[in-house]
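Please take the sequence and the model together, and keep both in view while reading the paragraphs that follow.

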Amino acid sequence: NIKFSTLCSLRSLDLSSTKCDDSVVSSLCSNPKLALSHLNLGTTKITDKSLEGLRSAFGGSLRSLSLDDCHKLTKIGLLVFFTPSADLGITVSLRRMSLTNLNQVVDDELVKLIFETADMRSGGDGVVHADLKGSVLSDRSLESIAKHANKSLEYLDLSFCHSISDAGAGYLCSKAGRQFKTLKLWGLQQLSDDFFDGHGRDGTNFQVEGAWMDGKRKGGAIQAKKKQKT
């Protein structure tokens, strides 16, 4: 058992795929000397109760958070966690996030809120790295991302987000700055050449990855990788 009360200088903590639950998070949050900036709680049994404690304890310092496969979390819990409100504590403003495989929880409403709160100066300089694969977001989310992270976003994983379209993906690519280097779109067979040949980004600085693609697309517009099956 980790005695979090004895840790003072800890800034990054990975508890993923452990027996971590709300009681462990409560113990972590009880140390007033901790100021975590990175926390990975992926594939644990935490509930919305843990989110309340994390915001209260680390809302002002947390910049990177992974909640992959935390299936006990609810949309309401996450909305409360990210909603700016003095009554709820310091607003959580992330630069890096991983919210994969949370099924119906991560949708357009939640994505808009997360990216909006991260863009503190409303200048498009917010989230840098986002892994949202397996979400139910649509083109509306891509519009929000383009608005609130166009100057900051470097990496985005939208794999298995089956409600996005050529138009939405193309819009994001047209608005994101040159720092945007990687877009993952595994398993999105609904996307067509209208996007892949028409987004206009320089293939030497921008890469799209997808399991159903076969090498470089014409014109060198995209450097694509194909997953090799053995």
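What percentage of the 230 residues in the chain do buried residues make up? Buried residues make up 50% of them, where buried means under 20% relative accessible area, exposed means over 50% and partly exposed lies in between, with a 1.4 Å probe and protein chains only. This is a predicted model, in which local features need pLDDT of at least 70 and side-chain atom pairs count only at pLDDT 80 or more, while totals for chains, interfaces and linings use all residues. Residues are numbered from 1 along each chain as its sequence is written, and side-chain values use heavy atoms, with hydrogens and water left out.

The secondary structure of the chain comes to seven helices and eight strands; helices (H or I, at least four residues) and strands (E, at least two) are DSSP runs, numbered from the N terminus. The chain exposes about 11,200 Å², of which carbon and sulfur atoms supply 49%, the accessible areas coming from the Shrake-Rupley method with a 1.4 Å probe and, for residues, only the protein chains shown counting as cover. Among contacts between residues at least 6 apart in sequence, 76% join residues that are at least 24 apart, a contact being heavy atoms within 4.5 Å.

Eight strands form an open sheet in the order E1-E2-E3-E4-E5-E6-E7-E8, and the pairing is parallel; two strands pair if DSSP finds at least two bridges between them. At the edges stand strand E1 (12-14) and strand E8 (207-209), each of which pairs on one side only. Neighbouring strands of this sheet are turned by 5° against each other on average, direction ignored. E1 and strand E2 (residues 38-40) pair in the parallel sense over three bridges, and Ser-12 stands opposite His-38 in E2.

Thr-43 is found in the loop between E2 and H2, and its phi is near 55°, a positive value in a residue other than glycine; at 43% relative accessibility, Thr-43 counts as partly exposed. Thr-43 is also one of the contacts of Asp-68, which, leaving aside neighbours within four places in sequence, is in contact with Gly-42, Thr-43, Ser-98, Leu-99 and Thr-100. Asp-68 lies in the loop between strand E3 (64-66) and H3 and, at 17% relative accessibility, counts as buried. Asp-68 and Thr-44 are 24 residues apart in sequence, and 8.6 Å apart in space from C-alpha to C-alpha.

Next come the helices. The axes of helix H2 (residues 48-58) and helix H3 (residues 75-82) come within 9 Å and cross at roughly 5°, where axes are lines fitted to C-alpha atoms, for helices over the stretch in contact, and angles run from 0 to 180 degrees between N-to-C directions. That makes H2 roughly parallel to H3, since angles under 35 degrees count as roughly parallel, over 145 as roughly antiparallel, 65 to 115 as roughly perpendicular and the rest as oblique. In this contact, Asp-48, Leu-51, Leu-54 and Arg-55 in H2 meet Gly-77, Leu-78, Val-80, Phe-81 and Phe-82 in H3. By class, the contact of H2 with H3 has six nonpolar, one polar and two charged residues, with Ala, Val, Leu, Ile, Met, Phe, Trp, Tyr, Cys and Pro counted as nonpolar, Asp, Glu, Lys and Arg as charged, and the others, Gly among them, as polar.

How do the axes of helix H4 (residues 108-118) and H5 cross? They come within 9 Å and cross at roughly 0°, and H4 and H5 are therefore roughly parallel to each other. The contact is made by Asp-108, Val-111, Lys-112, Phe-115 and Glu-116 of H4 and by Arg-140, Ser-141, Ser-144, Ile-145, His-148 and Ala-149 of H5; by class, it has four nonpolar, three polar and four charged residues. Eight of the eleven residues of H4 are buried, so H4 is largely enclosed by the rest of the structure. What covers the buried residues of H4 includes H3, strand E4 (96-98), E5 and H5. In the loop between H4 and strand E5 (129-131) sits Ser-122, which has a positive phi of about 55° although it is not a glycine, and which counts as exposed at 64% relative accessibility.

Finally, in helix H6 (residues 166-175), Asp-166, Gly-168, Ala-169, Gly-170, Leu-172 and Cys-173 are buried. Their cover includes helix H5 (139-149), strand E6 (155-157), strand E7 (182-184) and helix H7 (193-196).
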